[in-house]
Amino acid sequence: MGRFGGLAMAAQAGRAAMRLARRHRQAACGRRQDGLGRGRKLGPGLVQALDSLPHGLCLFDSADRLLFVSDGFRRLFGPPANRIRLGMHAREVGAASVAGTLPADRERCGLWAARRRLRVRGTADAVVQTLPDGRQITITLHPQAGGGWTALWEDVTERRRAESLLRYMAHHDPLTGLPNRYLFAARLDRALARRDGAACALLCIDLDGFKPVNDRHGHAAGDALLRQLAERLREGLGAEDVAARLGGDEFTILLGDATPASALGLARRVQARLAEPYDLGTGSPIRVGAAVGVACAPLHATRAQALAERADAAMYAAKRLGHPCLWDAALVLAPTDTGHGAPA
């Protein structure tokens, strides 16, 4: 066979492939009574498999017109999806998944924005849309040969809720709901890294008399005491402040924007509030005390560990000297330790 004969055969094969592809595309646009497209050439088994998926699947051509939509899409979006017809533009399909209003003057689910990125990058892209009922749907776009593309719609509400719960549990104390040691350390680092020169203060709090409550009234009463104490610590905190439980009966408060005087004033109020009686259902009110140590940045330290050590040392000094609750003398207010000082 000569050179020209080979070229002729290649051209003929190309035309045959184009005709075959055109027939498959036309078959994929065939209609059922419900108005949703199905592919006779895809085979009933494949169509049934696609329809059984919990996800919604849409196939678009290079002109962004809908060629195929699975039953999973209709199950995800309900009545609005019944208005979808083959040949619709991707903008209209996206609008139907949000509000069922066709055509859309403004694409709100992010599908079209993801399509633009897909066209530029040529790689898979994804976007998350939140439905009016609160569900969260991930739309994943994949490029196809010839300029077409597919969109896979997946309800990720429960998965995201579980992930959010796991993140919360990893950073919060399960008993009191306060941030735990790890989250508090991150907040303290962030406060000290601020570049606007704002001061911050750290209060270390340790309870006096908590163990007798557990021993005399049981762990249920001790847990109830800690929960009520956590609520009292939250009182009066600003948007930049955070209270945390470090473990056991040790708590701390970070004041995101505080002078030494204002931090000391809050420490006194916290001590007085914690010393008020607790109703734990034991028949009589329970009282406990608290030792509070205060350290301020940048007055006492500029690094998180050093600041925590100063506040912790002040708190233990209060307990050692037998001060009822608060140590606010020279050890706390002086930039450097100058002696034992005297309790206020």
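Modeller: D125 is buried, as its relative accessible area is 9%; buried means under 20% relative accessible area, exposed over 50%, and partly exposed in between, with a 1.4 Å probe and protein chains only. This is a predicted model, in which local features need pLDDT of at least 70 and side-chain atom pairs count only at pLDDT 80 or more, while totals for chains, interfaces and linings use all residues; pLDDT is the predictor's confidence in each residue, from 0 to 100. Residues are numbered from 1 along each chain as its sequence is written, and side-chain values use heavy atoms, with hydrogens and water left out.

The side chain of D125 meets that of R117 in a salt bridge (3.0 Å, N to O), that is, a side-chain nitrogen of Lys or Arg within 4 Å of a carboxyl oxygen of Asp or Glu. R117 is partly exposed, at 27%. Side chains of opposite charge can pair when their charged atoms come close.

A further salt bridge joins R135 and D155 (3.8 Å, N to O). R135 lies in the loop between strand 5 (125-130) and strand 6, and D155 in strand 7 (residues 149-155), so this pair ties together parts that are 20 residues apart in sequence; strands (E, at least two residues) and helices (H or I, at least four) are DSSP runs, numbered from the N terminus. R135 is partly exposed at 21% relative accessibility, and D155 is partly exposed at 32%.

K211 and D215 also form a salt bridge, with the closest N and O atoms 2.8 Å apart. Both residues lie in helix 8 (residues 210-217), four residues apart.
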